[in-house]
Amino acid sequence: MSETKIAVITGNELRTGDVIWWTGEGWSRHVDEAAAVDHDADGIIARENAKQVVTDTHVIDAFRGEDGTVRPAHIKDRIRALGPTVRLDLSLKPADPAAGNWVI
Amino acid sequence: MYQYDQHDQAMVDARVAEFRGQVARRLSGELTEDQFKPLRLKNGLYLQLHAYMLRVAVPYGTLNSQQMRTLGDIADKYDRGYGHFTTRQNIQFNWIKLSDTPEILEELAKVQLHAIQTSGNCIRNTTADHFAGAAADEVADPRPYAELLRQWSTFHPEFDYLPRKFKVAIIASETDRAAMRLHDIGIQIVKNEAGEIGCKFFAGGGMGRTPMIAPCIAEFVPALQMISFLEAALRVYNRHGRRDNKYKARIKILVHEIGVAEYRRQVEEEFAHILTLGLEPPPAELERIKAMFGDPGLEAGLSDDLDLTDPDFALWVDQNVDAHKQPGYAIVTVSLKPVGGIPGDASADQIRLLADLARDHSLDELRVTHAQNIVLPHVKKADLYGLWQTLEAAGLATPNLDLITDIIACPGLDYCALANARSIPLAQKITDRFADIGRQRDLGELKVKISGCINACGHHHAGHIGVLGVDRKGVENYQLSFGGAESADTSLGTITGPGFTEDGVVDAIEKATELYLARREEGERFLDTYRRIGMAPFKEAIYG
């Protein structure tokens, strides 16, 4: 399956600390809803930071598959996107016992 | 145990109120993240991989049952039902909401706990021998000195912005159970020929990317001059420690670069000056603190008899129970390392159960060990069987203390924003491979320590077998080392050679243990055999 390299914005919700992804219109906890950003990334981050509801916003590399799924390029970001691989019950895919394989 | 006086309580309460205001201002947007970050870190609140993480200080590793129960309640009420006991004798909560933090700190303050100075370039929570007050081999209980040190270092204005973080460990026996010489300053309480209590000081130890064993800088400082000497040691470091490069900012680099003799000379000079200023706390303060660490209520004349007819109980006693200074009592170490488990994690229910067991069977005391286990320090031998049965039912009776499955592992890339590789899954694979308790006991004492990055929170440099996780172009890779130790025979491990995949490192460890079994001589631990025969045969075994 071919993949397209993209850049996406991630951060943490200020109040809860939850990992979130910029969707183009707002923020989601699901990486698959992340929107590709380009030269507009800095502007989006500046604008969203000013609202004081997100923190630690930054751009990361990722790959979008033909099916639309988004897979961060680095393992650290994949673990951020999923949750701890040793406590999948606390991850975003608690019902999938093989979810941890996605990060490797 | 120490009880806060009105000054302690007022300081902690004031800090909670101050942080409540800071959180409110951050949430309202009045403070930016750049302004807020140093404030939250001063209160132990990190932003980790998945959420905020709150690191709560356990003073010199000692807790009472009420404090332990509160930690369990916080895990349930504000986290996701568990806590993680760390190699710094602290506890971390991994899923904290910023908006809940003031309430959590308030609940902690009510039981005389806090998260102050669990981050930042300041003097961190002092660690201590987890058998303090119970061990037969100590010359004094080190905790009153640790408490005095806590009071001195808390909010110390001169040492609030050191070049880098600063960790002190204190012991009072020849058996080092606190990795004392791998700290910025290590203190060993000793008794001189005249029978006087004093401090033997070590400075410039540490792990991280430049591991060093602290050399002795003073053989005997009178106990009533301990704070003045610490003040001098810190002052010299604060004056000359590098601030231009965080990787060269720890005291170990300073001591190494100017030499221990010159560092000692400057400290002695500063010490002589400080003694003229009368900065030492009055002796009455140390006596006041000591009085709170007196006899916890040990009974005299109890029997040492123990019925060991239940083989599983006998196994656990042999492995996890140590001698107590008082006849009829024992020191119990509760392993938080079940096969396949997460080293140092305990559920809220387990934490509360341990609190209840401490209240009912350990004179209300618990200890957190730097090896991420929990100690019940004062258990009547007559209570041991019932205690073991309760622990067994709760999954807390794993008889593996100091065996190959009693692994120290940092949170690694599963939780930590600094990590390069995961530590916990590797620990789980090793415990799965060596799950058979007979095999573990045949291997004997074998301390495996795993760090997910060069910061070495998993103490890999001090592992008989150490593992360091690294990032090789986005892929986890593991460096293996042999020969580290943290006790009286402190040594640093030597890297075996090229790194391994996660499965590869488990295989390599197994090959190393097979070589050990083949080559060991009577009474030798893995570490002893390695020291005797050297790295070459081990390299051949794992790479050949």
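The buried residues of helix H7 (residues 251–258) of chain B are B:Ile251, B:Lys252, B:Ile253, B:Leu254 and B:Val255, a residue being buried if 20 or more other C-beta atoms, placed from the backbone, lie within 10 Å of its own. After H7(B) comes B:Gly259, with a positive phi near 95 degrees.

The model is predicted, with local features requiring pLDDT of at least 70 and side-chain atom pairs counting only at pLDDT 80 or more, whereas totals for chains, interfaces and linings use all residues. Residues are numbered from 1 along each chain as its sequence is written, and chains are lettered from A and ligands numbered from 1 in the order in which they are written.

Chain B is divided into domain 1 (6–110), domain 2 (142–291), domain 3 (311–393) and domain 4 (408–543), with bounds from an automatic or database domain assignment. The centres of domain 2 and domain 4 of chain B, taken over C-alpha atoms, are separated by 31 Å; 11 residues from each of these domains take part in their contact, defined by C-beta atoms, placed from the backbone, within 7 Å.

In chain A, 5 strands form an open, antiparallel sheet in the order S3-S2-S1-S4-S5, pairing requiring at least two DSSP bridges between two strands. Its edge strands, S3 (27–28) and S5 (70–72) of chain A, each pair on one side only.

Methods:
Helices (H or I, at least four residues) and strands (E, at least two) are DSSP runs, numbered from the N terminus. Two residues are in contact if their C-beta atoms, placed from the backbone, lie within 7 Å. A residue is buried if 20 or more other C-beta atoms lie within 10 Å of its own, exposed if 12 or fewer, and partly exposed in between; C-beta atoms are placed from the backbone.
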